[in-house]
Amino acid sequence: MTSHRTDRAGLIDRTQPRNFTFDGKAYRGFEGDTLASALLANGVRVMGRSFKYHRPRGPWGAWVDDPNAIMTVTLDGRSFPNCPAATTPLVEDMQARAVNAWPSAAFDIKAGLDLFHRWLGAGFYYKTFMWPDWHLFEPMIRKMAGLGDISRDAPKNYTADQVHDHCEVLVIGGGAAGLACARAAAEAGRGVVLVDDHPIFGGGLHQSVQIEDRTPSEWIADQLAAIMGAGGRVLPTTTAFGVYDHGLVGLAEYGAFGTAPHLHRMRADRIVLATGALDRPVTFAGNDRPGVMAVDAACEYLARYGVLVGRRIALASNNSLADAAEAMLTQAGAKITRISPQDGAIRALGGKQLKGLAQGLRRHEVDTVLASGGLTPLVHLWRHAGGKLDWCAARQAFLPGAAPDGMVAIGAANGTFDLDQALSEARAIGAGNASDAAARTYSLTPLWPEPGDKGRQWIDFQHDVTLKDVELAARENYVSVEHLKRYTTLGMASDQGKTSNMAGLAAMAAIQDRPLPEVGTTTFRPPFVPVPFEMYHGHHGKQLWHPLKRLALEPQHRAAGAALGEYGGWLRPGWYGTGNRGDLIRREVLSARNAAGIFDASPLGKIEVMGPDAEDFVNFIYYNTIRTLKPGNIRYGFMLTEGGIVMDDGVIARLTENRFVISCSSGHVDSVREHLEAWRQDGNNPDRIFIHDLTQQWSTVTITGPKARDILAKLPLGLDLSAQAFPHMTVQETQREETPIRIARVSFTGDISYEISIRSSRASDLWDKVVAAGEPHGATPIGIEALSILRAEKGYIMVGKDTDGETMPHDLGITIPRLKKKPAYIGDRSLHSDKANLPDRKALVGLAVGDGDKVLPTGAHIVDGTLSRSLGYVTSSYDSPTLGHPVALGLLENGSARTGEIVSVWHMGETRQATVCAACFFDPEGERLHA
Amino acid sequence: MQIFPCPFCGPRNETEFHFAGELGKVRPDTGKEVNARDWATYLYAQRNEKGLVREVWLHLTCSELFVMERDSLTMDVRASKSLRGDAL
Ligand SMILES: [Zn+2]
């Protein structure tokens with residue numbers, strides 16, 4: 001193959017050769033090349049295979065508009081799928097492979113699919129694979145379809161930095177208009193940021209011979225120097241990929257290949273779109289053949305990379321820009337044949353190799369076809385921001401119409417395709433003036449797809465949508481453009497229809513004989529080009545996304561050999577010691593039942609509610625009556641949603657007449673606090689209620705077990721701990737070394753328990769003393785896993801585990817307030833709805849299995865005899881060390897009436913039997929609790 | 001990313017806020033008989049208007065509820081003020 005590199009200097013550095021491979025073959029390019037330009041320079045045209053038919057495809061475009069050349073690029077052992085060859089900078093040692101092609105783009109064994117195209121039209125998948133079940137076909141289809149494979153190893157050090165930024169004027173697009181506008185704005189004293197997605201500014205200017213008596217490179221350098229001299233900033237290789245609510249612009253700033261782009265979240269007072277325009281394809285038979293390319297793309301390959309894409313070129317254009325292209329390509333040594341595609345249907349000849357172009361009976365022996373059906377302004381960002389589009393008949397294009405707040409379009413993006421006019425417009429806008437439209441020289445003959453034409457005419461190159469597919473969609477009444485898009489997948493490829501949308505809309509308009517603007521466009525959505533997901537989260541992973549809450553006693557737990565894990569957002573001891581996890585947990589349970597367990601309960605909520613209206617407020621917040629609670633006493637209760645669903649359970653202590661402490665579940669503290677605040681501020685007098693969340697300020701050490709009282713007695717607190725003086729469900733406040741201490745006698749295990757709370761800074765001293773006092777009694781620290789078993793043995797629930805989004809308090813056996821409580825409370829009316837009164841509600845039950853049986857799996861379904869319906873499910877299930885047999889809790893339809901019934905429990909194809917029993921397996925009379 | 005003005009903290013990113021309901025929703029007095037229709041309306045019926053809306057929002061970082069007037073179509077934010085005192 002001969003070299004297509006010309007004498008034209010371009011913007012590459014010929015002193016810096018770059019070696020690379022494509023589909024296993026070695027090639028050489030230069031610094032400044034893209035993968036596509038380097039391959040074209042080497043005479044390689046087939047750079048990929050289409051999505052559906054595996055047709056050979058070469059580049060149509062020279063930049064972001066190319067839908068065809070998509071590659072997996074490996075560099076330094078790391079693979080990056082779906083790199084567009086036209087925008088991927090060439091790096092020494094790159095190994096590129098066409099996606100969707102095996103073994104190579106030039107020879108693809110699936111290309112036989114193309115022979116079946118008659119049966120693979122639009123909607124083929126929908127029609128063919130629905131019977132008997134789509135899922136039978138899905139794996140096979142997924143294997144055949146799709147682009148690059150994702151590497152299983154996440155690349156190391158691929159993390160995006162994120163910047164929040166602001167400027168007065170953001171100019172997007174660094175072509176002639178963008179440069180001139182940014183300079184004018186900067187010189188008018190505005191804080192300017194200019195971005196362009198190319199590594200070298202100038203847009204299409206490099207194709208020019210001169211601009212304002214300077215060479216393009218000189219002129220560009222002048223503008224950049226002036227912008228920066230006036231305090232402006234310029235960001236090359238930076239894509240503005242989306243405009244979001246309230247004018248937020250997402251900028252992806254690319255660095256070296258293989259590194260994650262930086263994300264700039266840019267807020268600009270004013271946004272200037274100078275994003276340019278694209279050549280749109282001409283729809284003709286075989287227009288997808290490698291060697292058919294955009295006119296502007298050929299000019300860009302020559303101007304930027306010194307690559308002449310062909311020697312004998314047919315130039316099929318309907319507009320006035322073709323003259324300059326012809327002159328430029330002729331000067332570089334190409335022989336140009338001008339074709340007027342509007343004068344008669346044309347078709348490409350040849351297969352993988354383009355052999356020529358035919359128009360009617362005339363055949364042109366050419367190796368390349370350059371096509372342009374006119375310019376389409378890049379208005380994506382305009383539409384993201386909510387700007388309107390107006391149809392311009394003279395330019396046969398949608399142009400920016402009514403502007404979104406703070407946004408203006410200039411240059412080719414605004415339909416100003418003539419350079420002189422674009423410059424004066426850009427300078428006027430940059431200086432803050434209105435632009436006066438000058439005469440324009442751009443002209444074109446309308447040229448749109450003609451339904452009924454022969455041959456396969458491609459509209460969406462990447463997704464293999466042809467004119468016939470659009471006709472089929474229209475016949476089947478998918479005529480709205482949004483339906484057309486989804487039925488044919490037109491415009492749904494990774495290029496998001498940059499080249500295909502206009503042709504698709506025009507085809508639909510022609511088929512229905514409607515004016516094109518009446519058909520309308522589909523919605524433009526960010527991102528403008530694919531950007532890595534990584535960029536969106538940046539460093540916000542793991543601890544920087546969801547920081548764990550840390551216990552004041554963490555050093556003590558670590559010293560005691562705790563296995564720390566995340567439980568409800570806290571880093572907590574799951575169990576202590578090394579060895580078999582199950583054995584360690586079992587030993588902790590037994591020590592708590594036989595002597596005592598010492599447990600760090602600090603994450604338990606400690607939300608204080610104070611003030612003259614506090615009593616009414618908590619009485620309203622709780623399902624249970626709190627008004628009758630006396631100071632020094634504690635009550636267990638539920639908080640409900642207005643829908644009557646249990647959202648949290650826990651105890652509330654009344655410390656004094658106007659001061660309560662709500663001890664909600666560890667994992668619900670934030671949501672309960674928010675719930676309380678919302679009701680305090682909206683519906684109550686916020687000056688008479690005060691809510692203070694002290695969960696993190698206080699630590700809590702719990703002693704639970706038959707020896708708990710003896711252990712507590714060893715701490716000189718000066719309290720009478722007898723059951724008469726300090727009964728279950730009471731609270732006492734005292735001091736220890738001038739530090740307030742609160743001791744609540746409540747239990748989450750069924751054994752006598754004391755929760756000792758103290759300022760977190762003093763917690764370690766308390767913990768050490770309690771552990772030391774417990775040691776002679778055989779008490780040990782216990783983790784949350786042991787506690788979960790202890791509470792399940794007793795039938796104490798965990799909201800969200802043993803309840804679901806439909807559980808009401810009477811389903812859990814707490815029925816009195818529903819029947820008796822008079823004052824209003826949250827969720828009250830919902831507890832008397834038809835649904836709340838249904839007899840077959842799921843209620844909490846215990847599930848017993850025979851001694852020696854295995855533990856029931858959590859989540860297993862309780863089913864009726866025919867296995868046709870789920871009646872409920874297992875919510876908590878453990879092998880009880882205390883009782884020596886499994887225990888389980890579950891939610892079961894009409895559960896309380898089923899006591900004694902034997903039910904089937906189904907899990908993963910296996911069915912077992914269990915007996916419904918009361919949801920309490922340990923000390924049902926509560927003798928130990930009240931001891 | 002929208003910017004909402006907390007009356008206490010100033011303009012902040014929308015991620016700092018939770019929607020807390022449409023303004024003007026009154027809880028039926030459940031101390032008295034409330035029929036099922038009224039209760040269901042209170043629980044589930046949202047006006048969900050297109051255009052100018054008045055809503056209650058919670059600024060998570062300062063825990064204050066406030067009233068915000070905004071356009072549900074254009075996402076324009078017109079005004080915000082404390083929930084106390086006169087509503088907008
Ligand atoms: Zn605030």
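The legends below accompany close-up views of a predicted model.

**Figure 1. The two chains in overview.** In this predicted model, chain A holds 23 helices and 46 strands, and its C-alpha trace spans about 110 × 70 × 55 Å along the principal axes. Among the contacts in chain A with a separation of 6 or more, 66% come from residues 24 or more positions apart. Chain B has 1 helix and 6 strands, which follow one another from the N terminus as β-β-β-α-β-β-β, and its C-alpha trace spans about 45 × 25 × 25 Å along the principal axes. Of the 88 residues in chain B, 34% count as buried, while the accessible surface of the chain comes to about 5,200 Å², 50% of it belonging to carbon and sulfur atoms. For chain B, 42% of the contacts between residues at least 6 apart in sequence join residues at least 24 apart.

**Figure 2. The zinc site of chain B.** The zinc ion takes its protein donors from the SG atoms of Cys6(B), Cys9(B) and Cys62(B) and from the ND1 atom of His59(B), at distances of 2.0 to 2.3 Å. Because the 4 donor atoms subtend angles of 104 to 115° around the zinc ion, the arrangement is tetrahedral. The spacing of the donor residues along the sequence is C-x2-C-x49-H-x2-C. Since Cys6(B) belongs to strand β1 (residues 3-6) of chain B and His59(B) to strand β4 (residues 52-59) of chain B, this pair ties together parts that are 53 residues apart in sequence. Cys6(B) is buried, because its relative accessible area of 3% falls under the 20% limit, and His59(B) is likewise buried, with a value of 0%.

**Figure 3. A five-stranded open sheet in chain A.** The strands of this open sheet are arranged in the order β2-β1-β7-β5-β6 (chain A), and their pairing is mixed. Its edges are formed by β2 (25-31) and β6 (78-84) of chain A, each of which pairs on one side only, and the twist from one strand to the next averages 35°. Within the sheet, strand β1 (residues 13-22) of chain A and strand β7 (residues 94-98) of chain A run parallel to each other and share 3 bridges. Phe20(A) stands opposite Met94(A) of β7(A).

**Figure 4. Helix α6 of chain A and its cover.** Helix α6 (residues 295-305) of chain A is mostly covered, with 10 of its 11 residues buried. Among these buried residues are Val295(A), Cys299(A), Glu300(A), Tyr301(A), Arg304(A) and Tyr305(A). The elements covering them include the helices α1 (35-41) and α7 (322-331) of chain A, together with the strands β14 (277-279), β15 (292-294), β16 (312-317) and β21 (368-372) of chain A. Just after α6(A) comes Gly306(A), which takes a positive phi of about 65°.

**Figure 5. The surroundings of Pro377(A).** Pro377(A) is placed in strand β22 (residues 375-377) of chain A, and it counts as buried because its relative accessibility is 3%, under the 20% limit. Beyond its neighbours within four places in sequence, Pro377(A) makes contacts with residues including Gly276(A), Ala277(A), Phe398(A), Leu399(A), Ala412(A) and Phe417(A). The C-alpha atoms of Pro377(A) and Thr416(A) lie 9.2 Å apart in space, although 39 residues separate the two in sequence.

Figure 6. The peptide bond leading from Pro526(A) to Pro527(A) is cis, with omega near -5°, and Pro527(A) belongs to the loop between α13 (516-519) and α14 (534-537) of chain A. His246(A), in the loop between β11 (238-244) and β12 (248-253) of chain A, has a positive phi near 55° although the residue is not a glycine. With a relative accessibility of 29%, His246(A) is partly exposed. Thr489(A), likewise not a glycine, has a positive phi of about 65° and is found in the loop between α11 (481-488) and α12 (501-512) of chain A. Thr489(A) is partly exposed, at a relative accessible area of 25%.

Terms used: Residues are numbered from 1 along each chain as its sequence is written. Chains are lettered from A and ligands numbered from 1 in the order in which they are written. This is a predicted model: local features need pLDDT of at least 70, side-chain atom pairs count only at pLDDT 80 or more; totals for chains, interfaces and linings use all residues. Side-chain values use heavy atoms; hydrogens and water are left out. Donors are N, O and S atoms within 2.8 Å of the metal (3.2 Å for Na, K and Ca); water is not among the atoms, so sites may look incomplete. Four donors count as tetrahedral if all angles lie between 85 and 135 degrees; four count as square planar and six as octahedral if opposite donors are over 155 degrees apart and all others between 65 and 115; anything else is irregular. Helices (H or I, at least four residues) and strands (E, at least two) are DSSP runs, numbered from the N terminus. Buried means under 20% relative accessible area, exposed over 50%, partly exposed in between (1.4 Å probe, protein chains only). Two strands pair if DSSP finds at least two bridges between them. Axes are lines fitted to C-alpha atoms, for helices over the stretch in contact, and angles run from 0 to 180 degrees between N-to-C directions. Contact means heavy atoms within 4.5 Å. Accessible areas come from the Shrake-Rupley method with a 1.4 Å probe; for residues, only the protein chains shown count as cover.
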